[in-house]
Amino acid sequence: MPQEITHRLVPSPAGRVHVVEQGEGPLVLLVHGFPESWYSWRAQLPALAAAGYRAAAVDVRGYGRSSRPADQGAYRMTELAADAVAVVRALGGGPAVVVGHDWGANIAACAALLHPDVFRAVGLLSVPYAPRGGPRPSEIFASMGGEEEFYVSYFQQPGRAEAEIEPDVRGWLAGIYAALSGDTMPAPGAPDPHFVRPGGTMRERFPDGRLPGWLGEAELDVYAGEFERTGLTGALSRYRNMDRDWEDLAAFDGAPVRQPSLFAGGALDASTTWMSEAIDAFPVTLPGLVSSHLLDGCGHWIQQERPAEVNALLTGWLTGLPPA
């Protein structure tokens with residue numbers, strides 16, 4: 001008989017974290033990215049439970065039913081890593097495996113880097129690990145795109161992206177999910193939705209009409225309902241702390257993540273093509289890397305676009321890890 005999904009709120013430095021669990025066994029913490037929620041792991045929870053693991057997907061601080069502090073600085077990476085530790089402690093103490101997608105991959109890597117006693121292995125989906133280093137992030141992003149503006153710079157200005165998204169959350173989410181999905185993304189040579197023309201919006205470059213194959217109307221309703229309730233400021237605050245992260249993590253400049261690790265990304269995802277040098281550097285930056293995978297024809301939302309393949313990669317990797 002399938003094990004039931006349970007919801008709970010656990011204490012965290014910011015107040016509380018919403019955790020959705022399924023299964024029994026060694027703990028696997030699942031951390032989502034932008035603009036998602038625990039629900040992005042809906043296909044992984046039962047698969048990991050069936051494989052003998054206690055899978056726990058969180059709403060990251062600022063999302064869903066987790067706390068949403070008003071202070072922008074509360075969304076810095078060190079705080080989000082502390083939330084991950086708090087969840088593990090609340091669920092039995094660990095050590096745990098942490099798996100993240102998109103921003104969640106960065107959170108997972110940082111949590112493993114800062115708290116190696118709590119996290120025994122780390123899985124990264126879509127966004128490869130790149131150690132802290134180089135110029136201040138805001139300076140890098142400002143130099144990208146020529147006359148156009150890189151989306152991260154666009155997101156970093158408080159209130160600006162909210163003014164675009166919040167009048168039609170559902171439509172904007174449908175657009176960004178389609179723009180970055182392997183089956184619906186703009187054709188090569190079309191205007192890139194990662195950049196904003198002067199006086200323009202991100203949305204004007206999103207595909208119109210068809211939803212990606214992994215996203216039905218009911219699933220879109222779940223995502224839209226959460227962001228319509230919470231607003232987008234908590235989620236966007238992650239982008240507004242990247243310079244703070246660069247300052248906070250100065251002592252870890254160039255530091256590798258040494259735990260056993262896995263990477264999987266979509267071959268059509270800008271995160272893997274733009275960051276190909278980070279993937280090439282894995283022998284140095286992820287010396288414990290067990291396997292690295294690029295899925296042909298797949299875009300950014302890897303665990304939702306290709307749930308069966310991702311589940312097989314995760315369970316195979318987990319099975320080969322040393323016992324907790």
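Two residues are in contact here when heavy atoms of each lie within 4.5 Å. In this sense A81 is in contact with C110, A111, L114 and H115, once its neighbours within four places in sequence are set aside. The model described below is predicted.

## A81 in helix α2

A81 is placed in helix α2. Its relative accessible area is 0%, and because buried means under 20%, A81 counts as buried.

L321 is 240 residues from A81 along the chain, and the C-alpha atoms of A81 and L321 are separated by 22 Å.

## Overall architecture

The protein contains 15 helices and ten strands. Its C-alpha trace spans about 55 × 45 × 40 Å along the principal axes. The radius of gyration is 18 Å, which agrees with the value near 20 Å that a compact globule of 324 residues would have.

Of the 324 residues, 56% are buried. Among contacts with a separation of 6 or more, 76% are between residues 24 or more positions apart.

## Surface and charge

## Aromatic pairs and cluster

The aromatic pairs in the protein number 22. One of them is formed by Y39 and Y223, in an edge-to-face arrangement with 5.5 Å centre to centre and 75° between the planes. Y39 and Y223 are both buried.

Y151 and Y239 form another edge-to-face pair, with 6.2 Å centre to centre and 75° between the planes. This pair also links distant parts of the chain, since Y151 belongs to helix α5 (residues 151-156) while Y239 sits in the loop between α9 (233-236) and α10 (242-248), 88 residues apart. Y239 counts as buried because its relative accessibility is 4%. Both Y151 and Y239 belong to one aromatic cluster, which is made up of F34, W103, F141, F150, Y151, Y154, F155, W172, F195, F206, Y239 and W274.

## Backbone features

F34, a member of the aromatic cluster, is joined to P35 by a cis peptide bond with omega of about -10°.

Two residues other than glycine have a positive phi. D102 has phi near 60° and is placed in the loop between β5 (96-101) and α3 (103-114). At 10% relative accessibility, D102 counts as buried. S126 has phi near 80°, and its loop runs between β6 (119-125) and α4 (137-142). S126 counts as buried, at 0% relative accessibility.

## Helix α7

Helix α7 (residues 169-179) is largely enclosed by the rest of the structure, because nine of its eleven residues are buried. The buried residues are V169, W172, L173, A174, G175, I176, Y177, A178 and A179. One of these, W172, is also a member of the aromatic cluster.

The elements that cover the buried residues of α7 include α5, α6 (160-165) and α8.

## G62 and its loop

G62 is in the loop between β4 (54-58) and α2 (77-90). With a relative accessible area of 1%, G62 is buried.

Apart from its neighbours within four places in sequence, G62 is in contact with S67, R68, Y75, G234 and A235. Y75 is 13 residues from G62 along the chain, and their C-alpha atoms are separated by 7.9 Å.

Notes: Residues are numbered from 1 along each chain as its sequence is written. This is a predicted model: local features need pLDDT of at least 70, side-chain atom pairs count only at pLDDT 80 or more; totals for chains, interfaces and linings use all residues. Side-chain values use heavy atoms; hydrogens and water are left out. Helices (H or I, at least four residues) and strands (E, at least two) are DSSP runs, numbered from the N terminus. The radius of gyration is taken over C-alpha atoms; the globule rule is 2.2 Å times the number of residues to the power 0.38. Buried means under 20% relative accessible area, exposed over 50%, partly exposed in between (1.4 Å probe, protein chains only). Rings of Phe, Tyr and Trp (its six-membered ring) pair if their centres lie within 6.5 Å; planes under 30 degrees apart count as stacked, over 60 as edge-to-face and the rest as tilted.
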